[in-house]
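Q: I would like to learn how to read side-chain packing in a model. Please take me through it feature by feature.

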Amino acid sequence: MERRDKLNYYLDLAETVSRRCTCLRRHYGAVIVKNDEVISTGYAGAPRGRKNCSDLGYCIRSQMGIPRGERYELCRSVHAEANAIISASRDKMIDATLYLTGVEADGSYVANSCCCSMCKRMVINAGIKEVVIRDDKNAYRVIPVSEWIDNDDSLQGTFGY
């Protein structure tokens, strides 16, 4: 049996975490790692005590025809990245890596996946150094968070990701 490389190992953990997701559109899982130690995990789901879309049986954004990357204020879920950040102390997140995996309802990986603009701001303020995003079972992208600071997409007024 061939040993899994370390980045895919952490992305596999993020994918496992995504299975707890309660979103009807996409399942995201996030894992924050520093010095080869898992600091925290998070998946997309409604705030504690509120009903999840999976409980309600519908997604308001889908019902309204809202495209991916837009109008997140209408979403019931707290995103995976945000939940992982909320569950960790900032001193442990400084210079850490966030691993992110997105899976569509049909089981395929989310194409061109990335953190939304709100999660990018949280990742920046958490002090996370880089984000590794799964593209398929073995391929991924490593994004230095400094790129999100230098190339501030909030200045262009564009939607989506």
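Q: How many aromatic pairs does a search of the whole structure find?
A: Rings of Phe, Tyr and Trp (its six-membered ring) pair if their centres lie within 6.5 Å; planes under 30 degrees apart count as stacked, over 60 as edge-to-face and the rest as tilted. The search finds 2 such pairs. In one of them, Tyr10 and Tyr99 are tilted, at 5.1 Å centre to centre with 40 degrees between the planes. Tyr10 belongs to helix α1 (residues 6–18) and Tyr99 to strand β3, so this pair ties together parts that are 89 residues apart in sequence. Tyr9, Tyr10 and Tyr99 make up one aromatic cluster.

Q: What should I know about the model and the numbering?
A: The model is predicted: local features need pLDDT of at least 70, side-chain atom pairs count only at pLDDT 80 or more, and totals for chains, interfaces and linings use all residues. Residues are numbered from 1 along each chain as its sequence is written, and side-chain values use heavy atoms, with hydrogens and water left out.

Q: Is Tyr99 buried or exposed?
A: Buried means under 20% relative accessible area, exposed over 50%, partly exposed in between (1.4 Å probe, protein chains only). Tyr99 has 5% relative accessibility and therefore counts as buried. Contact means heavy atoms within 4.5 Å. Not counting residues up to four places away in sequence, Tyr99 touches Leu7, Tyr10, Leu11, Ala14, Gly29, Ala30, Val31, Val33 and Val132.

Q: Which residues of α1 are buried?
A: Helices (H or I, at least four residues) and strands (E, at least two) are DSSP runs, numbered from the N terminus. An α-helix has 3.6 residues a turn, so residues three or four places apart point the same way. In α1 the buried residues are Asn8, Tyr10, Leu11, Ala14, Glu15, Val17 and Ser18. They cover an arc of only 165 degrees around the axis, which puts them on the same side of α1; the arc is that of the directions from the helix axis to the C-beta atoms. These buried residues pack against β1, β2 (37–43), β3, β4 and β5 (140–144).

Q: Which residues touch the most other members of the largest nonpolar core?
A: In soluble globular proteins, nonpolar side chains tend to be buried together. A nonpolar core is a set of buried Ala, Val, Leu, Ile, Met, Phe, Trp, Tyr and Cys residues joined through side-chain atoms within 4.5 Å. The largest one has 26 residues, of which Ile32, Leu98, Val123, Ile128, Val131 and Trp148 touch the most other members. Two or more residues come from each of β1 (26–34), α4 (80–86), β3 (97–104), α6 (117–126), β4 (130–134) and α7 (145–150). A second, separate core of 8 residues includes Tyr10, Leu11, Val31 and Tyr99.

Q: Where is His79 found?
A: His79 is in the loop between α3 (60–63) and α4. His79 is buried, with a relative accessible area of 16%. Leaving aside neighbours within four places in sequence, His79 contacts Tyr43, Ala44, Tyr72, Cys116 and Cys119.
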